[in-house]
Amino acid sequence: MSTTEAALENLRIIRSLMEKAHIYRAVSAPAALTGGVLALIASAWPVWHALTNHGEAAMCDRCFLYTWLAILAVASVLNVVLLAREATRRNQPFVSAGMRMALRAFAPPMLVGGVVGIGLIAFLHNLTLAALIWALCYGLALLGTASFSPRSLVRLGWAFVITGLLLFVAWAVNRDVDLLSSDLSPASLVMGITFGLLHVVYALAVFFSRKPAEVQPE
Amino acid sequence: MIDFDQLDKLIHEKGRLSIMTLLSTRGEWAFQDLKNELGMSDGNLITHLRTLGTATYIKETRDESGTRPRTSYELTAAGRKAFKNYVEVLGEIVKAAQQT
């Protein structure tokens with residue numbers, strides 16, 4: 001092997017390892033777009049219904065919970081399928097070191113958000129606080145992956161945390177929401193702005209910033 | 001003419017090059033994660049890590065607080081500089097070959 005060939009070979013090793021190890025996108029853009037669009041549809045209807053029917057709730061509290069669990073399931077399954085396809089394309093195992101790290105970072109805030117949020121809806125009937133906690137915990141989970149995630153995902157995490165906190169302050173300060181017969185519409189609004197709008201913006205930002213595939217050296 | 005004499009021989013070995021590359025990508029790597037990613041045996045990986053540690057290119061940290069002790073590794077400032085120089089020399093070799 002000539003000096004140049006050996007140098008090229010070592011550069012190839014470095015590039016391939018860096019590609020494998022450096023960045024792990026735990027939330028794929030098409031899954032975020034699908035989840036975001038579903039979230040926008042699921043949140044728009046209760047808000048529209050409340051506006052046109054004097055604040056009347058479009059569904060029961062448990063139906064709200066089941067709707068969002070169904071959207072979570074659809075988006076998660078799609079995300080897993082897309083991550084598996086990406087792993088195959090890169091000739092990597094599906095459960096890579098990146099995925100293990102992402103799961104380790106995701107699990108604690110998602111567990112807290114999941115249990116507290118479901119508890120708030122099922123037993124305390126506080127849908128808005130549950131939606132805010134889901135948004136904040138999801139944002140914190142994304143920020144937990146900051147050391148190995150692409151910048152767009154870290155920005156999404158910050159967007160969830162900042163938007164979640166702003167919405168919390170707006171909700172806590174404005175006690176007119178107590179006058180509503182059901183807090184389904186403010187909860188849906190929180191879900192639509194965070195899980196709907198922010199995911200759609202994230203997906204579009206990833207699609208538009210994607211660089212054309214690099215030309216491989218012969 | 002640039003040649004391999006200018007390359008850091010310590011990093012140039014494929015196993016150690018792979019370790020240095022992974023450590024350069026993010027702050028800290030656990031021994032088990034390095035082993036899984038590189039597919040090396042324990043003995044082989046330990047030998048390379050010792051060599052890099054002796055050259056002060058990497059730093060070892062042992063965390064005994066959990067139920068199982070966890071050893072992790074990260075690049076030192078000297079290691080990061082050496083790796084950067086190594087990649088630059090490789091790039092110059094390739095560039096010089098393309099110009100001739």
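This is a short tour of a predicted model, stop by stop, with something to select each time.

**Stop 1: color chain A by confidence.** The mean pLDDT of chain A is 86, and 93% of its residues reach 70 or more. Among the elements of this chain, helix H5 (residues 127-143) has the highest mean, 97, while helix H1 (residues 3-21) has the lowest, 77. Now select residues 211-218 of chain A: pLDDT is below 50 over that stretch, and beyond near neighbours in sequence it has three contacts in the model.

**Stop 2: select residues 29-52 of chain A.** That's helix H2, with 24 residues. From first C-alpha to last, H2 reaches 34 Å, close to the 34 Å expected at 1.5 Å a residue. Show the side chains and you'll find a set of buried residues in H2(A), including A:Ala29, A:Gly35, A:Gly36, A:Ser43, A:Pro46 and A:Val47. What covers them? Bring up helix H3 (61-89) and helix H7 (184-209) of chain A, which are among the elements covering the buried residues of H2(A).

**Stop 3: zoom in on A:His49.** You're still in helix H2 of chain A here. Is A:His49 buried or exposed? With a relative accessible area of 19%, A:His49 counts as buried, because the cut-off for buried is under 20%. Leaving out residues up to four places away in sequence, A:His49 touches A:Glu56, A:Ala57 and A:Ala58. Then step past the end of the helix to A:His54, which follows H2(A) and has a positive phi, near 55 degrees.

**Stop 4: switch to a surface and pick A:Tyr66, A:Leu69, A:Leu72 and A:Ile118.** Together these four form a nonpolar patch on the surface, with about 360 Å² of accessible area. Which element gives the most to this patch? H3(A) does, with three residues. A:Tyr66, for one, has its place in that helix.

Stop 5: Trace chain B from the N terminus and the elements run α-α-β-α-α-β-β-α. Chain B has 100 residues, of which 43% count as buried. Draw the contacts between residues at least 6 apart in sequence: in chain B, 55% of them join residues at least 24 apart.

Conventions
Residues numbered from 1 in each chain as written. Chains lettered and ligands numbered in written order. Predicted model: local features only at pLDDT ≥ 70, side-chain atom pairs only at ≥ 80, totals over all residues. Heavy atoms only, no water. Helix = DSSP H or I, 4+ residues; strand = E, 2+ residues; numbered from the N terminus. Expected span 1.5 Å × (residues − 1). Buried < 20%, exposed > 50% of the residue type's maximum accessible area, 1.4 Å probe, protein only. Contact = heavy atoms within 4.5 Å. Patch = residues over 30% accessible without salt bridge, like charges linked within 9 Å, V, L, I, M, F, W, Y side chains within 5 Å. Areas by Shrake-Rupley, 256 points an atom, 1.4 Å probe, with all protein chains shown as cover. Salt bridge = Lys/Arg side-chain N within 4 Å of Asp/Glu carboxyl O. pLDDT = per-residue confidence, 0-100.
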